[in-house]
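Colleague: I would like a close look at one part of this model, please. Start with a helix pair, then move on to other sites.

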Amino acid sequence: MVFNKVKQPILIAGMLLLFSQSYAVLPENSESRNIQSLSGTWKFQLMSHSKSADDVAYRNAEFDDSEWDDIVVPGTWEIQGFEEPRYGSPDIAFAGIYRKRFTIPLSWSSRHVLLYLEGVAYGCELWINGKYVGSFESAFQRAEFDITTCIAYDSTNTIAMRVYRDHFQKSFDCSDDWALSGIFRDVFLFGTPVAHIEDITIHTPVNVGNSLASVRGKVTVNLFYEQERTVTNLFVDIRLLFENKQLYTKSFPVRWLNPKFLPDPVEFEIPVENPFLWNAETPNLHDIELVLRNDEEILHTIERRIGIRDISIDNTVFKINDKSVKLRGICWHETHPEVGCALREKHWLHDIQLMKAANINTVRCSHYPPNPRFLELCDEYGLYIIDEVPFNSGNEKFANPFSLGSLLARAQNTIDRDKNHPCVIIWTLGNEHPSTRYITKAAQLVKLLDPTRPILYPHNNFEYGRDKVLSGNPPIVDFYAPHYKTAEEFIGYATEESLQKPVFFSEYNHSLDVAFGGLGEKWEIIEKYDKLTGGTIWLWADQGLCRKVNGRDVVDSKADISALKSPDALSGDVWIDDNTILDSHGQYGTDGIVYADRTPQTDYFQVRKVYAPVKILENELPVESGKQRVKLTFVNRYDFINLNAISVDWKLKVKNEITEQNQLDLRIAPHDSGQIIIPLTISQDIERDEHLLQIIAHDNKGCQVYEHSVRLVPETGAIDYPALFGDSLSLTKINEKDVPASAPFPQSVSINKNAVMTFANGLMTIQTGQDTKMQGPYLRVGRKPTMAERRQLKNTFWEQPLLTQFEVLKKECHPSDSGDNLHLVYEFSRPDSSSQKIVLDMVLALSDHDWMDVHYHVRPMDCAGFMLELGIAFAVSDNLSCVTWLGDGPYPAYPGKNELSVRGFYSMHQDNRCFNGNRMNVDFALLTDKNRNGIGLVGHAENICWEKADPEIILSHNVKVAGLGTKFYRSKYMIPVQEIGQASGCFRLMILDGTRYPSPLSKMNLKGIMQH
């Protein structure tokens, strides 16, 4: 037996040691009669730090707190309006005082009462009924206090807690996120038996053939000192079940040779033949039950869900269950705009479901252990977890001997709490800090406590020259884990023979704003090399809070990336309404692939496609009319699942109508590829009718994980869509020789019987009756820049995306047999540098077929810098609220960020959040009103951009489009103005009458998809 006092910090040789001893393993069921939640409404007051430390009145049970405010626990006081939230680091000048009354049932009088705090930011001191209990200073870890000597049974008790933010370890819990304060995770009491299970450690080795596994465990039994009672004849009964079928049961005596010592641990090994193994693709869970009893009296029951799985590194290859895996990962902050860091089950489930739908299989918990319930859900749903020992900022402290106790305690607390979760596959220590001997000692402790999992240092901790620390990776780490490297560097790591450890990119693509270029290229390199284990993208969600403006100044961080100066200033990153914003603190927190409210951004769909577990290599195939056998190459990127376990459907669409469909029978092993033949009937009009073979894959849970379109084209090449409406479209040659004008330039011309085009000072206006359809031309020289582009390109890009002021240099009319050619030459000046000019040379080729062809050449003159896009643009009436197109979609796409879109027929309303942006490989785009009247552009695999720009829509035909890059790198696909010379484009412009579309359009099923 042992006397167990309340934990107190022990000061030895100037080092604060905060080793945590777990009093008892909690029952699985939070509804147990021996568990009492203290979550709910508490009393609260915000005080100055000094006053809260000196004032003793509020600690007493008799203190009158009736005039104090109510606060909800779990929660943070900033979200509940007691203080403005701050980004990065909290204001240490204030502390929060919490009070609550509770009653302990009389049935607990034979037990010890333990108080558990799952998360308190940033430190706390605790009093029960006026008696000091202890303190704890690790925000994202569980604190445990024995309050037995302080409470009264079957009577009212009072808890008082001081939550403060000024202490040595505070910076370890501050990261690139909102610094929110308070009791943000659950608080509960546990009535613990005198003899109890203090700790369980479970390992599940699997043999190479996976035909035999074992569940090995060690159960530590402990006792509280009770002079008047003794406990003898202890046994631990163990049962293992799978899907309610009992696989094993046995009783083990607890060896307790001398009462002056604690009992020996109970060790067991359960053989499991032909086990159902756990992995993220098939998260099979077993149930284990451990019962501590004294003869026939049950003292303590533990129920856990465990997964049988094994982790290893074979040479430089990371394996789970002896299979090489790729970690398709995301970094995740536990932050939500509604509740700050006090997430609940509905938030975790929403995130998990969205992640699984995006083909994400790995979550790096950055930069702290998550709520334990999140891990239980990841066990169940199948997500690999990289669990992080929490020490993040505060680099100056890591070489301080005083930090050692804190680092060791944080390491042990993390492993003690989370070691039995099958989803936890890697431990990481801190984030992007210098390597010191004290961090290495923490790593050694992690290895000692859990030798079954590998460890890594995110960013490897030796690349921070600003810290003036000359160091490298200690041999104890199992991965090389660099951050934000180029694709070329990825290949270098994979091929460097002296690097004899697997490589894991713990942060490798930064989604600042919507700049997310190059992800596909990097992932293909990861797939190619076994040494490259995978990576985790920064970040899952914008770190946004829902904030009310209430007349205060709001910074537009997208217009000026450096404008945000104060940690509590308002940044209007997403406007919900006129008085409500989602504030992600500008460039510091707008880095998610979903918005803060979890609405997917285009980055989400890019990740989903790049991480897809199935891939088809063909994009276009030549075919002939009649019976055909089309051969497709499938790649299985699952790690464990054969493709016969998923469903794959195909449809042949001709002119957007399904003509054939069926399901494929695929039998392709993990990490393998194979070809399959699909018999099809190709129509006689293959040279005129769009043939798309669409493939959709659903996983074994019914979730759509992949879609792809293969364009079937005649042997002569892709369909010439402009030629379907009349003559073929090609660049005009009118400027190759000096052709004098032979007719006066008209003030107006008829495009068809309903549409008139007029010219006033060179501005072209197209009207139908009194309704203005479009005006132009304008010059497209950019787009609304992302924050990443502002960061990388600074002032070198052309800021104003649209140039609308021009000087007309030439207006000529050249009659021809098919209709007049109107030749106009414009000169546009750069607004911030009038000496930099661009000449737009445009020819409008009129016809008597209800359309006209637009040919143009763009020539920069003495220009410098970068353009983000380049082309010709028009302002279109916002009554034309729907865009319907044939091309890549449905999402905007750019060079280096185009895997998210596939070829098809699409339609989108201007209110859609993904409306704005460039679409690639567009053959036609129709902008129409609710009556299907409007305009149409037809071309050859064009870049067409549309965007809502109140009060109109800007429609652009782009001849050059730059990539988006990332936070840390410019895109490979830039447009230096000096290198353009001359850029040329052409398209066919049609005026659409909703009652009668041209024959090629009327034959397509467009009306059924238009999103008006």
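Which residues in α7 meet which residues in α8?

Modeller: A caution before the details: this is a predicted model. In α7, the residues in question are L519, G520 and W523. Their partners in α8 are Q606, V607 and V610. Sorted by class, the α7 and α8 contact has four nonpolar residues, two polar and no charged ones.

Now the geometry of that pair. Helix α7 covers residues 519-528 and helix α8 covers residues 602-610. Their axes come within 10 Å and cross at roughly 25°. Angles under 35 degrees count as roughly parallel. So α7 is roughly parallel to α8. The crossing of these two helices is right-handed.

Helix α4 takes in residues 404-418, and helix α5 takes in residues 437-449. The axes of α4 and α5 come within 9 Å, with a crossing of roughly 25°. These two helices are therefore roughly parallel to each other. α4 passes α5 in a right-handed crossing. On the α4 side, the contact is made by L404, L407, L408, A411, Q412 and I415. On the α5 side, Y438, I439, K441, A442, L445, V446 and L449 meet them. By class, this contact of α4 with α5 has 11 nonpolar residues, one polar and one charged.

Next, the aromatic rings. A search of the whole structure finds 40 aromatic pairs. One of them joins F168 and F402. Their ring centres are 5.0 Å apart and their planes stand at 90°, so this pair is edge-to-face. F168 sits in the loop between β12 (156-164) and β13 (182-183), while F402 sits in the loop between β27 (384-389) and α4; the pair therefore ties together parts that are 234 residues apart in sequence. F168 is partly exposed, at a relative accessible area of 23%. F402 is also partly exposed, with 26% relative accessibility. Elsewhere, ring pairs link W42, F44, W77, F82 and Y98 into a cluster.

Two single residues remain. Take E660. E660 belongs to strand β41, residues 657-664. At 22% relative accessibility, E660 is partly exposed. Leaving out residues up to four places away in sequence, E660 touches W650, K651, L652, P679, L680 and T681. W650 lies 10 residues from E660 along the chain, and the C-alpha atoms of the two are separated by 8.3 Å.

Then C863. The loop between β53 (851-861) and β54 (869-877) holds C863. Buried means under 20% relative accessible area. C863 has 10% relative accessibility, so C863 counts as buried. Beyond its neighbours within four places in sequence, C863 is in contact with W798, Q836, K837, I838, V977 and Q978. I719 is another matter: C863 and I719 are 144 residues apart in sequence, and their C-alpha atoms are 38 Å apart in space.

Back to your opening question. L519, G520 and W523 form the α7 side, and Q606, V607 and V610 form the α8 side.

Terms used:
Residues are numbered from 1 along each chain as its sequence is written. This is a predicted model: local features need pLDDT of at least 70, side-chain atom pairs count only at pLDDT 80 or more; totals for chains, interfaces and linings use all residues. Side-chain values use heavy atoms; hydrogens and water are left out. Axes are lines fitted to C-alpha atoms, for helices over the stretch in contact, and angles run from 0 to 180 degrees between N-to-C directions. Helices (H or I, at least four residues) and strands (E, at least two) are DSSP runs, numbered from the N terminus. Angles under 35 degrees count as roughly parallel, over 145 as roughly antiparallel, 65 to 115 as roughly perpendicular and the rest as oblique. A crossing is left-handed if the near helix is turned anticlockwise from the far one by less than a right angle, and right-handed if clockwise. Contact means heavy atoms within 4.5 Å. Ala, Val, Leu, Ile, Met, Phe, Trp, Tyr, Cys and Pro count as nonpolar, Asp, Glu, Lys and Arg as charged, and the others, Gly among them, as polar. Rings of Phe, Tyr and Trp (its six-membered ring) pair if their centres lie within 6.5 Å; planes under 30 degrees apart count as stacked, over 60 as edge-to-face and the rest as tilted. Buried means under 20% relative accessible area, exposed over 50%, partly exposed in between (1.4 Å probe, protein chains only).
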